[in-house]
Structures are given as C-alpha cells and as structure tokens.
Amino acid sequence: MPVARPESQEPRVIAHVDMDCFYVQVEQRRNPDLRGVPTAVVQYNSWKGGGLIAVGYEARNFGVKRSMRGDEAKRVCPDIQLVQVPVARGKADLNLYRSAGSEVVAILSTKGKCERASIDEVYLDLTDAAKSMLLESPPPMLDSIPEEALKSHVLGLSSGENKGEDDVRKWLCQPDADYQDKLLACGTIIVAELRVRVLQETKFTCSAGIAHNKMLAKLASPMHKPAQQTVVPATSVPDLLASLPVKKMKQLGGKLGTSLQDDLGVNTVGDLLKFSEQKLQDLYGINTGTWLWKIARGINGDEVEDRLLPKSHGCGKTFPGPMALKTTSSVKQWLNQLCEELSERIQSDLDQNKRIAQTLTLHARAFKEDELVPLKKFPSKSCPLRYGTSKIQEDAMHLFESGLSDFLNSKNLGWGITSLAVGASKIVDIPNGTTSILKYLTEKRTSCNSSDCSDALPGEPDHATSLISQKDADTKSYKECKVPFESEVEENPKTKASRESASDSEGLFDRDANVKGTILRYFSGGCSSNQRSTSEVETNQLEEEEEKISSSTANITSSHPNLNLNQNKNALSENWIYNIEEIDPSVVDELPLEIQREIRGWIHPSKRINTAKRGSTIAHYFSPARK
C-alpha cells in the first residue's frame, strides 16, 4: 500500500525524462532507412505477426496501436516496417536497449542526482543545479534563452494554452516571481539543454516533465509528446488534478482506485478534496489515508534516489494458450535458460560495478486443469542467491517444486505454467575493505603465491565451491593457530589419532585452500603469544574440539565431493606469525562483521572457565608424565 512521506521543507526542482518510442528509435539508429517510415518493434514469436511492443509515431498516425498483432498492424498500415526484437535463449534479448538507455543516463546524470526508473525513463533532482544557475546567471540576465526552452508548455499560462514563445519568455524571466517559480524556470532551461545534448550525442529524442516533486513531474512528462517538455508551476496544480482521472495516478490503477470509484464515487483526483484526512484514514488506514489526502493537493515527498544502476535483475518468459508448460522437464528446460541469462547479468554487475545480489526469487502464473477460473495464485518463492549458473538453476528448480506443491495442495492434479520468471534482488555494494584487507595490517610474509595474494570478491563463481560456513571457517582458523603449541603439550594417542584424521580429510584445513571467512589466510608464521597455553584444561578442550573437527570434516567432504581441497601435509607444521600490537583498533569497525568478530577475539580473547579446585597443587596445571 502507498505510504505518505514527509515533503521537503525547501523548494525542489524535479524532472521526469521519458524516451520517445525508445525501442523504435534504437532500431532507427541501427538502420537509418527506417527514419520517417511507419515502424514498430514486434516480439520474437511469429504468431499472427508477433505482438507489438513499441510503435513509432509515424505508425500511430495511421491508427496502429500497441495492443495489435503484427498482421493486424499491416492491415491498418500496409507500409509499416515490423522489426523483430533480438532473440537469445528462445526469448527477447533487451541488452541492446539497455545499453542505449545507459548512454542517455550518462548524459542526464551530469546535472544532478539521477534515478534510473526503467530502460527508457529517468528522474532527475536538479535543485542544486537550479540554485547555482539562479545565483550565477538567472534567466533575466541571459543574453538569449535556448530555443528549446522557449518551446516549453507551461501549465496555467494563458488559460492553459501557450500563445507562443513570447509568453514563455515572460514567464521564465518574470522579475516578481517567487523563489519556487524562479528555481523552476532555471530547471526548465537546464532540462531543455540536456534534451538537446541527448539528441546531438545519441540521436534519440525524449520528453520531460518539470515540477516540484516526482509525482507531478511524472504526470507532466507524457502530456506533450514527442520531443517536448511540460512545466508544472505550483499555481497550476489544482487545475491539473481536478480533471485527472483517478486511474491515471500512479498506485491508483488497481484495487485501491476501483475502491475509490465504487465506494466513494471518486472519479478524478480532485474529487478526493471532498474528504477530510481523518475520513480517509478511517476508511483506508492511517498511511494510505494520509497519502490520499496529500496527493489530492499535489503533495509528494518521494526523494530522487541517486541510482544509475537497476535495483534488481529479472528474466521472464510467457507461455500463452497452447504453449503452456505442463511437465516438470519442460519447466526445467526453460528455467535453465532463464537462469543462465540471469547468471550472466549478475556476474557482469559484479565485475563492472562491484555489486552483489543476495536473493533469488521465482515468479510464475499457473492454472489447474480442473478449474475454469483460477482460485489460487502460484506463490512466489525466494531463497539466498548462490553465484554460479548451475547453482542458480538448481535453486530455481527447488523453488518451483516448492511453489507447485503449495499451489496444488499436494494433490495429484493436472497443471500448466503460462508465465515463468526468475529475479535477483537485494543488490548491495561490496563493503569497503572486503577486497583489500591487507591495507589494515602489517604483512610479515616471507613468500606469497598467487592464490594467497589474490583479492577475493564475495560471490564470484570461481570461488563458489569454497564458500564454507562461517563456523567451519572459524574452526579452520582455530586449527591453524593451535598447531605450533601442540608439540609443547604432551599428546595422548587419542588426541594424536584425531588430529591426524582431521589432517588427512581431503585437505580441509590446508592453509592454501581457498576458504573464506577467516583473516588468518592472509598471514604466514606462528600464533600470537597470547593464544598459547599449556594448561590441562585447554588440552582437554582441544581434544574435544579435535573430535568435533574430525567428524565435521568427514561430513563436509562427503557432502561436497567436488571441493578442490588437496591436502598439503606440511602446511600444518608451518608457523603463523602476526603481531596483535600492530593492529590498529580504530579501523576494525570498517571491516566486514565476520572479520571484526575474529580480530576482536584476538585482541580481547574470551576468558576460559577455571575448573581447578581450590587448594590444588601446582602440579594440577601440568600434563601427567608419561609412564
């Protein structure tokens, strides 16, 4: 449900830039012969000429609509050119359009905060740029106003219709305007200049809406297309919303908008003005009621997020009518292709932008053969995302099987899948310090091979098989640190046998094994002196720990037979050296949490339980002599 966010106390200048028939423009740039010719981009399937996904303005003049199929479009406009969208893995490949959209974003982002809302639309926060322009070169002081800015449509000017460029010039340069409108005038000129630059550098045209918040800018951008811009002064907002159909407002196109129409008789956004905030809260809850009350007055506090990259990645495919998938094997075949594309995209995001996706989600639409009207939706399922194509494919199939079981209620019924999609979300930047931990510490290596020295990025497919749980990684750290003083403590046969068993288990604790989660793998040498002890209590604890390690080693190696953990039997005899006094505590908080916990464990080791009885002699603290 929509949530009302507090509006900024300072005036803002927000623009929404929308590309004009973007897919068609991309194809026209690839093939200049299509310019000026009725053109449409169609889906890759050939049924009835394919579905139209973008229609050029020349074709629209003949009555061609996006709801048509290719064959119908040719009947309406015989000269129309139908361009098929690129195909990869049996589905539409949109990478060409994504790359073209990135060209536009790179230009628009030079003037302020830029939020990429989709392949072909962007929000801009131009407040700072407008303030700078107002201080340095306000419109009245300009030698000439850019021609494109003079073509702007300013709502409320001359009863809603511009008489010409002279009226726009007067509005832009009015000396008695309030501060809010002066900023808006500067923003109008900035957007016009950006649109001209986009056309010159990319050959693409775009339209824009300029207002004081995102909601109004979004409403204004499609009002005058193509290649034009619309400005919404604060004084024009009541008239704009008074006649705006409620279903045209974002987040009111579904059930909420239908409820407003049916239950309250609200047909336009302006009709909401008849209801108090308390009344709307009583009917729709505090958050939604307050939001409805605010949008009726043109109030919106949504911020422009400084985001040039997508919040998630998704790949989907529809299977209408007789194309519905009705077997697990056919679902698996398509899931594998979708997951392959998703894996490539998140890996590219990781390599280029150093971002990691954390959640894998599966969406589907399905039907049961014995139901004329679907009574239950196919549930979406999510799980932690593991990098690597085969792992994503395996997890996606498990999610589908789980969702299908819930959908069928464990009944043996016929079913069909009409839509299938996988997505990667919760994408975050790799934390600072994850790949360069060595800069926080003094390195005392005498030698370093490539595997030890290389930086490791979380989630890289090459390292996926070495991602062992934190508990096992901590056990590895404990084992390595324990080795140097085992020779100082007399081992009994049971302890020795347990240690040798752990050492022979596929090299799980090999220092050179590519296991993450412990900082010790960056060092060579011996254990810190503050971790050495010869007490009988510690010896008993080590014996118990070694038994657990031996058991867990067997379990891990049996459940992960493909792990490449070849044992170097001499590795355990090497000494580990690190000096705790050389670790700067002030930078510990900047490290990943798992590393923080480990370092703090070194600096402030946990107190061990003293099980010695009072009155015991000093001999209690030494191992019994061998007989």
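A nonpolar core, for these notes, is a set of buried Ala, Val, Leu, Ile, Met, Phe, Trp, Tyr and Cys residues joined through side-chain atoms within 4.5 Å; buried means under 20% relative accessible area, exposed over 50%, partly exposed in between (1.4 Å probe, protein chains only).

Housekeeping: this is a predicted model, where local features need pLDDT of at least 70 and side-chain atom pairs count only at pLDDT 80 or more, while totals for chains, interfaces and linings use all residues. Residues are numbered from 1 along each chain as its sequence is written, and side-chain values use heavy atoms, with hydrogens and water left out.

**Cores.** I looked up the largest nonpolar core and got 50 residues, with Phe 22, Leu 108, Leu 124, Trp 171 and Phe 204 touching the most other members. Helix α8 (residues 179–202) gives the most to this core, 10 residues; helices (H or I, at least four residues) and strands (E, at least two) are DSSP runs, numbered from the N terminus. A second, separate core has 36 residues, including Ala 357 and Phe 400.

I then checked Leu 108: leaving out residues up to four places away in sequence, Leu 108 touches Val 17, Val 122, Leu 124, Leu 194 and Val 198 (contact means heavy atoms within 4.5 Å).

**Salt bridges.** My rule was a side-chain nitrogen of Lys or Arg within 4 Å of a carboxyl oxygen of Asp or Glu. That gave me 21 salt bridges. Which residues are linked in a network? I found Glu 115, Lys 214, Glu 305 and Arg 307.

Glu 115 bridges to Lys 214, with the closest N and O atoms 3.0 Å apart. Those two sit 99 residues apart, Glu 115 in strand β7 (residues 113–118) and Lys 214 in helix α9 (residues 214–220). Glu 115 is buried at 7% relative accessible area, and Lys 214 also counts as buried, at 10%.

Glu 115 also meets Arg 307 (3.8 Å, N to O). Arg 307 lies in the loop between α13 (286–295) and β12 (313–318), so this pair ties together parts that are 192 residues apart in sequence.

Elsewhere, I noted Lys 381 with Asp 406 at 2.6 Å, N to O. Asp 406 counts as partly exposed, at 32% relative accessibility.

**Cysteines.** I searched the whole structure for disulfides (cysteine sulfur atoms within 2.5 Å) and got 0. Cys 315 is buried at 3% relative accessible area, and Cys 339 is buried at 0%.
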